[in-house]
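Biologist: I would like to learn how to read charged side-chain contacts in a model, and I would be glad if you took me through them one case at a time.

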Amino acid sequence: MIEARHLRVLRAVAATGSFSAAARRLGCTQPAVSQQMKALEASAGTPLLVRTGRETRLTQAGEVLVRHASGILAGLTAAEEEIAAIAGLRAGRVRLVSFPSGSSTLVPTALAALRAAHPGTRVSLVEAEPPRSVEMLREGDCDVALAFRYGSAAAEWDDLVVRPLLADRLVGLVPEGHRLADADSVAIADLADESWIAGCPRCRCQLVEVCEGAGFTPRIDFATDDHPAVIGLVAAGLGVAVLPGLAMESVRLKGARTVAVEPAVQREIVALTLPDLAQVPAVAATLDQLALAAPR
C-alpha cells in the first residue's frame, strides 16, 4: 500500500535531486529518507529512483508516481481541512426528523441556538411520527429523531442513544359550554359517554388503553393528526379530546377549554440517535440544544 508520507518524501527527492537535500527540506535525517524510499519501492513493486554517485533521478515509474502525487496529496489536504472543519463545528450537516408538535415548539428554539453558536452547521427537517421516525433513524435516513413514547417500553430503543428531554402531560379538551368546562380537574371516566376526537395512531392506542383502564371504551367519531383540527372539532361541539401539553403551546384555543385529566397520563419526549452518530460533533451539538430547548 502506497502511503501519503512516502509520496511526500518522493516528491521532495524529485524536487531536490538527492536524499540529503530532501532530508533538509523535510526536517529529517538522510537515513530516514532512504528508508522511506525503500518502503515506497517495495509497495510499488518496481524501482522509482536511480542513484548514480551524488545524482538521483526518477525512473519512468517514479515520474508517473510523482505526477500523480501532487493531486493525491492535494486531495488529502483538502479532505483533512474539511474533516477538521466538521470536527470543529465550522461545517457539518444534521438530518433531523420530528413529530409535528415537537417541530413547532422544541425544534425552532433549538435550531436557532445551534445556528447562532455554529453558523456553519446545516440542519434539515422532515416530519414523521414514531415509530416511523425511529425506523428512519435505523435505516440511515436521518441523524437525529425527536420521538415520544407512553409507559416504560424501554426495550424498543435499546440499540439507540436516548437523550430524555421532558415529560409531557396530556390535557383534556372540551367545548366552552361543556358541563365540565370550568372544572379544575376531570376524571376520565366522567367523559365515558362523550364522542371522542383521537390523534395519531400511537396516541389513539394510548387513549383507548387509559379509557379501558377507567372502565369504558371511548366512542371515537373523528381521528386526525392535526392539532388545530382537533381543537376546531372540539370547539364545534363535536366531541372531547386529550392533547399533549406540548401541542397546546403552538395552537390557538378558540371555542374550547383545557381541563386537567385524572389519572395523569404523560408521554416521554426524547431525542434519539445511533451510538456512532452520537460522537459526531454536529449531532452532539444538536442533541444538546434540543435538551436546552425543553421546558423544565
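**Reading the salt bridges**

Modeller: Let us begin with one pair in this predicted model: the side chains of Arg219 and Asp221 meet in a salt bridge, with 3.6 Å from N to O. Arg219 is partly exposed at a relative accessible area of 44%, and Asp221 is partly exposed as well, at 41%. Salt bridges that share partners also join Arg132, Glu135 and Glu139 into one network.

Biologist: How many salt bridges does a search of the whole structure find?

Modeller: The search of the whole structure finds 13 salt bridges. One of them pairs Glu156 with Arg202, whose closest N and O atoms are 3.6 Å apart. This pair links distant parts of the chain, 46 residues apart, since Glu156 sits in the loop between strand S5 (144-150) and strand S6 (161-175), while Arg202 belongs to helix H8 (residues 201-213).

Biologist: What is the relative accessible area of Glu156, and what is that of Arg202?

Modeller: For Glu156 the value is 30%, which is partly exposed, and for Arg202 it is 21%, also partly exposed; the cut-off matters here, because buried means under 20%.

Biologist: Are Asp168 and Arg267 buried or exposed?

Modeller: Asp168 is buried, and Arg267 is buried too. The two form a salt bridge in which the closest N and O atoms are 3.0 Å apart. Asp168 lies in strand S6 and Arg267 in strand S12 (residues 266-273), so the pair ties together parts that are 99 residues apart in sequence.

Terms used: Residues are numbered from 1 along each chain as its sequence is written. This is a predicted model: local features need pLDDT of at least 70, side-chain atom pairs count only at pLDDT 80 or more; totals for chains, interfaces and linings use all residues. Side-chain values use heavy atoms; hydrogens and water are left out. A salt bridge is a side-chain nitrogen of Lys or Arg within 4 Å of a carboxyl oxygen of Asp or Glu. Helices (H or I, at least four residues) and strands (E, at least two) are DSSP runs, numbered from the N terminus. Buried means under 20% relative accessible area, exposed over 50%, partly exposed in between (1.4 Å probe, protein chains only).
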